Amino acid sequence: MLQKLFGFDPAKHSVRTEIMAGVTTFLTMAYILAVNPNIFANLEGMPRGSVFTATALAAIVGTLVMALYAKKPFGLAPGMGLNAFFVFTVCLGMGYSWQFALTAVFLEGIIFVILTVTKLRTWLVNAIPGTLKKAIGAGIGLFIAFIGLQNAGIIVDNGSTLVSLGNITEGKALVGFIGIFITGGLVMLKVRGGILWGILLTALLGLVVKDPSTGLAVTQMMRSDAGNVMLLSLPDSIAPIFCKFQWSQILSWDMLVVVVTFLFIDMFDTMGTLIGVCQGTEMGDKEQIEDLDKMFMADSVATIAGACLGTSTTTTYVESASGVGVGGRTGLTAFSIAACFALALFFSPIFLAIPGAATAPALVMVGVMMMHNISVIHWDDYARSIPAFITIVMMPLAYSISDGILLGVIAYVITHLVSGHWKELNKTLVILAILFVLRYIFI
């Protein structure tokens with residue numbers, strides 16, 4: 001049965017190892033259960049409890065598809081960066097409703113399925129130069145870290161300089177600042193689930209540190225009507241956000257830009273994760289490379305399901321490498337991850353009590369991890385490094401992932417034309433650059 005369901009081979013695999021690998025991966029990616037509701041709390045009409053439930057259910061559905069269809073040891077959940085693009089760019093930046101953004105996620109998932117079936121996915125991915133792919137990841141990392149620093153009050157608004165350092169000697173800024181070093185220390189010591197433990201320890205610190213603006217502790221535990229602290233409860237309903245799509249603007253230019261941006265980020269993130277984690281193991285052998293299509297299909301189906309449930313794009317987590325590192329090789333590992341998320345559904349009071357100051361260190365650590373790509377960018381080749389720099393720096397400064405990508409593509413084409421390296425450009429990239437220029441001129 002295990003072999004049929006999960007690709008488990010008793011001669012090669014151990015049930016105990018697969019389960020432990022699943023628990024390990026869950027611990028390293030469970031921080032999304034605290035981070036995602038806090039990010040979506042910036043949008044009116046998306047209750048934190050409902051978003052928590054949707055996040056867990058999307059992770060369960062996506063990871064089960066990975067377990068039963070692809071039979072691989074990867075965990076899926078709403079992706080970091082993609083959730084930030086959803087909230088801070090599409091909704092708060094462009095001014096669209098979260099229903100509009102959910103519709104874009106749903107359409108992206110459908111397109112991802114089509115691209116996977118028709119093999120066009122590889123053609124699109126190859127159209128974007130490797131330098132820009134690396135820059136996109138690094139730029140998203142900076143953007144995520146910037147959001148975390150804002151949520152903790154470490155970086156605040158300033159009328160003269162746009163932004164400045166907040167008061168890190170008190171309140172949530174103090175909690176977030178200390179939490180960065182707590183979480184960073186756990187990660188450096190390679191503690192299993194270090195980011196999650198960093199969130200929890202920072203939240204505990206918030207219980208004893210008061211916010212001067214309210215006079216209350218930074219961390220407020222959820223309480224029942226009788227005043228008792230709640231640790232367990234039934235999951236909140238997802239009815240307020242379930243299948244809340246908005247079809248009136250599906251033919252607009254902004255919808256196209258948003259869908260394409262979601263698609264590109266998801267595609268590059270998933271491909272990099274799957275190939276990167278498989279390398280160095282028997283899963284990276286040439287004879288098994290066709291399984292990538294099944295893994296991509298699991299990712300795209302999970303995105304469609306996540307949009308219906310009411311959350312941003314669901315993607316494969318690079319934290320899955322932790323489970324693979326301890327021996328996870330089959331769908332049984334993924335099934336164990338899904339089981340852990342199902343159990344976490346009933347601990348929503350704990351996850352929802354975690355303030356933004358406690359999740360900020362996790363966002364900063366994720367940002368640090370995503371910056372490693374810049375080391376392989378050839379900074380002495382200005383035709384490539386200038387577009388890469390523009391891509392990276394414009395995401396946090398323009399507060400928009402999509403603008404960073406669009407301006408990076410435009411800059412890449414321009415620098416190669418100016419430097420006389422136009423032969424290195426492909427037709428698809430040039431067409432995209434022209435479309436992006438027209439977007440800024442006419443939209």
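Analyst: Below we go through the labels one at a time, setting each value against its definition. This is a predicted model, where local features need pLDDT of at least 70, side-chain atom pairs count only at pLDDT 80 or more, and totals for chains, interfaces and linings use all residues. Residues are numbered from 1 along each chain as its sequence is written, and side-chain values use heavy atoms, with hydrogens and water left out.

User: What pLDDT does the protein average?

Analyst: The average is 88, and 95% of the residues score at least 70. That score is the predictor's confidence in each residue, from 0 to 100. A contact here means heavy atoms within 4.5 Å. Where pLDDT is low, the predicted coordinates should not be read in detail.

User: How many helices and strands are there?

Analyst: You'll find 19 helices and four strands. Both are DSSP runs numbered from the N terminus: helices are H or I with at least four residues, strands are E with at least two.

User: How do you know whether the radius of gyration agrees with a compact globule?

Analyst: The radius is taken over C-alpha atoms, and the globule rule is 2.2 Å times the number of residues to the power 0.38. For 443 residues a compact globule would come out near 22 Å; the protein has 21 Å, so the two agree. As for its extent, the C-alpha trace spans about 70 × 65 × 45 Å along its principal axes.

User: Why is Thr-183 called buried?

Analyst: Buried means under 20% relative accessible area, exposed means over 50%, and partly exposed is in between (1.4 Å probe, protein chains only). Thr-183 has a relative accessible area of 1%, so it counts as buried. This residue lies in helix H9 (residues 171–188). Leaving aside residues up to four places away in sequence, Thr-183 touches several others, including Ile-195, Thr-202, Pro-361 and Met-365. Across the protein, buried residues make up 55% of the 443.

User: What makes helix H3 mostly covered?

Analyst: Nine of the nine residues in H3 (residues 32–40) are buried. Among them are Ile-32, Asn-36, Pro-37 and Phe-40.

User: Is Leu-432 buried or exposed, and how do you know?

Analyst: Leu-432 is at 14% relative accessibility, so it counts as buried. Its place is in helix H19. Not counting residues up to four places away in sequence, Leu-432 touches Ile-128, Phe-264 and Val-409. Leu-432 and Ile-128 are 304 residues apart in sequence, yet 9.8 Å apart in space, C-alpha to C-alpha.

User: And why does Phe-442 get its own exposure label?

Analyst: Phe-442 has a relative accessible area of 65%, so it is exposed. Phe-442 also sits in helix H19 (residues 427–442). Together with Ile-431, Ile-434, Leu-435, Val-437, Leu-438 and Ile-441, Phe-442 makes a nonpolar surface patch of about 670 Å². Patches are made of residues with over 30% relative accessible area and no salt bridge; like charges are joined within 9 Å, nonpolar side chains (Val, Leu, Ile, Met, Phe, Trp, Tyr) within 5 Å.

User: What makes Asp-381 and Arg-384 a salt bridge?

Analyst: The closest N and O atoms of Asp-381 and Arg-384 are 2.6 Å apart. Arg-384 lies in helix H17 (residues 382–397) and Glu-424 in the loop between helix H18 (401–418) and H19, so the pair ties together parts that are 40 residues apart in sequence.

User: What is the phi of Lys-71?

Analyst: Lys-71 has a positive phi of about 60° although it is not a glycine. Most residues other than glycine have a negative phi. Lys-71 lies in the loop between helix H4 (48–70) and S1. At 26% relative accessibility, Lys-71 counts as partly exposed.

Definitions and conventions
Accessible areas come from the Shrake-Rupley method with a 1.4 Å probe; for residues, only the protein chains shown count as cover. A salt bridge is a side-chain nitrogen of Lys or Arg within 4 Å of a carboxyl oxygen of Asp or Glu.
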